[in-house]
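User: I have a model open and would like to learn how to read it. Could you take me through it feature by feature?

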Amino acid sequence: MGKKTKRNRPAKADNNDSKSKSPLAPALREAKEETKDNLRFEDPFPEIVAEDEDDEQWEDADDVDDDQGNEGGDGDGMEVIQSWNPLTGEPLEPGKLEMDPSAYKMVHFLTGEWPSLSFDFIRDDLGDARTKFPHSLIAAIGTQADRAGQNSLTVMKLADLSKVQQETDDDILGEEYDPEKDDESADEESDDEVDLDPIMEHYSIPHYGGVNRVRCMPQRTEIVATWSDQGTVNLFNVSSILQRFSTSEGKTTKMNDIPKKPFFSYKGHSTEGYALDWSLQKQGLLASGDCSGSIHLWNPREEGSYAVSSFYESSNTTDRLVDVNPSVEDLQWSPTEATVFGAAECGGYIRIFDTRAPHKAMLGHKIHANGADVNVLSWNRLVSNLLATGGDDGTLSVWDLRHFSKESPDPLARFTVHKTPITSVEWHPTDESMLAASDDSGAYVYDLSVEEDATTKDLEIPPQLLFVHCGSEQFKEVHWHPQISSCLMATALSGYSVFIPSNL
């Protein structure tokens, strides 16, 4: 049998027994009096252990998220970023939009002292079809000040317009070191990747009255025509300003004084107007139309002045209703015929004229059955039988002039998704199927070579719409730069924007 043992029980402590041990821990025992032979050392910075509250906070947050997720909600107070299209979305207050940088190769914004209704590009000597960054451009801009005497014609140069810098994974995580990378590759880095601050240089010429329209002569872009809201058409020579731009680039040129007034003014129109265009075929030939329905032709003289004559009065036509405003809203010369131009009129009319047959239209149609005004038109310079028009009802149409002899021609394309009036339209200078247009809400790029199929016929927006640029207040004009590939500039009540879409 195994031997049983008794379990030892602890003896009771006897306070009178000097050999009994104290039940207190050594650290809690009463300290003896400190002497020279018994020194105590204390840490002046004792370690304090605090409870970790972050874990509890994170756990609470996770619990809240789980609860919200179980309820099927997106979470109260969370900001959701959504895309917005002015053609399908509800109107937004100014300043509510945030730009997506990935939508642009280049984009720059500028706010002037006064808003502008119209501008035009001035060609430079840097070459055509430019794609290398940074870019540079020159534009003539007319102001809309609150008083007639405060307006001006401003010639502005924008330089060092750099490419949008896109954030990549290497920017976030850091580029992996490659020991085999050639050191010379850093020196060969493309200028496209350099982020520069834009440089603006500008000079202004006094202009009496607000500027309704600005157009530069294509053969001599230093000659600028303006339509004043005071009923005067003016011609300016801005070559002295262009000389100053060349001097700032380090070029040695003779500098002339900046003019203080136009070198030619015409007050023969009975009222103000907006229609103004230079001929592409004959240098110096200009057409101007006013809000009373008159069209005047300008023929240059050898001494530098102009002979201006009345060519057409829309109020004299027999197909116009008596109660319809006869205003000529826009003019455009044919890109191939020196004597032919088209006119956009109120009441929904488009007319084609020949200068050899004054006082009558060679072709004319009411293209808007509802009588909406035709605000703008653009003649395709690459396919001369195509004409684009924009209406006050938001209708954007493309016409084949070969079918204009019919009694009721049908458009090749018609887009009715715009909710506000079309304020400008212009064909791409090098792509025959592409055009830009603007309405109050934005600027748009269409490509007519895109065909509708079964996958796109039910879309709210047409498949031909390639790009939408918005964010400014009340767009007025958009133009393609004639020398920078796929570069556009737009003017609006809130300022100017220069951009290149990422998909062009």
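**Reading pockets, burial and contacts**

Analyst: Start with the largest pocket, which holds about 1,100 Å³ of space. Keep in mind that this is a predicted model.

User: Which residues lie nearest the centre of the largest pocket?

Analyst: Arg 215, Gln 332, Glu 426, Glu 477 and His 479 do. The whole lining of that pocket counts 43 residues. Seen by element, two or more lining residues come from each of strand 2 (118-121), strand 6 (211-216), strand 10 (275-278), strand 14 (328-333), strand 18 (374-379), strand 22 (422-427) and strand 26 (475-480).

User: Which strand gives the most to the lining of the largest pocket?

Analyst: Strand 22, with 6 residues.

User: What is the volume of the second largest pocket, and which residues lie nearest its centre?

Analyst: Its volume is about 930 Å³. Trp 84, Leu 97, Glu 98, Met 99 and Asp 100 lie nearest the centre, within a lining of 23 residues. Strand 1 (104-110) and strand 25 each supply at least two lining residues. Strand 25 has the largest share, 4 residues. By class, the lining of the second largest pocket splits into 12 nonpolar, 7 polar and 4 charged residues.

User: Let me step back to the whole chain. How many helices and strands does the protein chain have?

Analyst: It has 4 helices and 28 strands. Of its 504 residues, 42% are buried. The chain exposes about 29,900 Å², and carbon and sulfur atoms supply 47% of that area.

User: How do I read contacts by sequence separation?

Analyst: Take the contacts with a separation of 6 or more, then look at the share from residues 24 or more positions apart. In this chain that share is 57%.

User: Now a helix. Which residues of helix 4 are buried?

Analyst: First the general idea. An α-helix has 3.6 residues a turn, so residues three or four places apart point the same way. Now the case. Helix 4 covers residues 239-248, and its buried residues are Ser 240, Ile 241, Leu 242, Gln 243, Arg 244 and Phe 245. Those buried residues pack against strand 3 (135-142), strand 4 (152-161) and strand 5 (199-206).

User: How do I read a single residue? Is Ser 294 buried or exposed?

Analyst: Check the relative accessibility against the cut-off: buried means under 20%. Ser 294 has 4%, so this residue counts as buried. Ser 294 is found in strand 12 (residues 294-300).

User: Which side chain does Ser 294 join in a polar contact?

Analyst: The side chain of Glu 313, at 2.5 Å. Leaving out residues up to four places away in sequence, Ser 294 touches His 269, Ser 288, Gly 289, Tyr 312, Glu 313 and Val 328.

User: What is the relative accessible area of Ala 437?

Analyst: It is 0%, so Ala 437 is buried. Ala 437 lies in strand 23 (residues 434-439). Beyond four places in sequence, Ala 437 touches Leu 396, Ser 424, Val 425, Gly 442, Ala 443, Tyr 444 and Val 478.

User: Which loop holds Ile 461?

Analyst: Ile 461 also has its place between strand 24 and strand 25. Outside its sequence neighbours up to four places away, Ile 461 touches Asn 85, Leu 87 and Thr 88.

Methods. Residues are numbered from 1 along each chain as its sequence is written. This is a predicted model: local features need pLDDT of at least 70, side-chain atom pairs count only at pLDDT 80 or more; totals for chains, interfaces and linings use all residues. Side-chain values use heavy atoms; hydrogens and water are left out. On a 1 Å grid over the protein atoms alone, a cavity is a set of points where a 1.4 Å probe fits but cannot get out, and a pocket is an open set with protein on both sides within 12 Å along at least five of seven lines; lining residues have an atom within 4 Å of a point. Grid points are joined across faces, edges and corners, and a volume is the space filled by probe spheres set on the points. Ala, Val, Leu, Ile, Met, Phe, Trp, Tyr, Cys and Pro count as nonpolar, Asp, Glu, Lys and Arg as charged, and the others, Gly among them, as polar. Buried means under 20% relative accessible area, exposed over 50%, partly exposed in between (1.4 Å probe, protein chains only). Contact means heavy atoms within 4.5 Å. Accessible areas come from the Shrake-Rupley method with a 1.4 Å probe; for residues, only the protein chains shown count as cover. A polar contact is a pair of N or O atoms within 3.5 Å; within protein, one must be able to donate a hydrogen and the other to accept it, and residues adjacent in sequence count only if both atoms are side-chain atoms.
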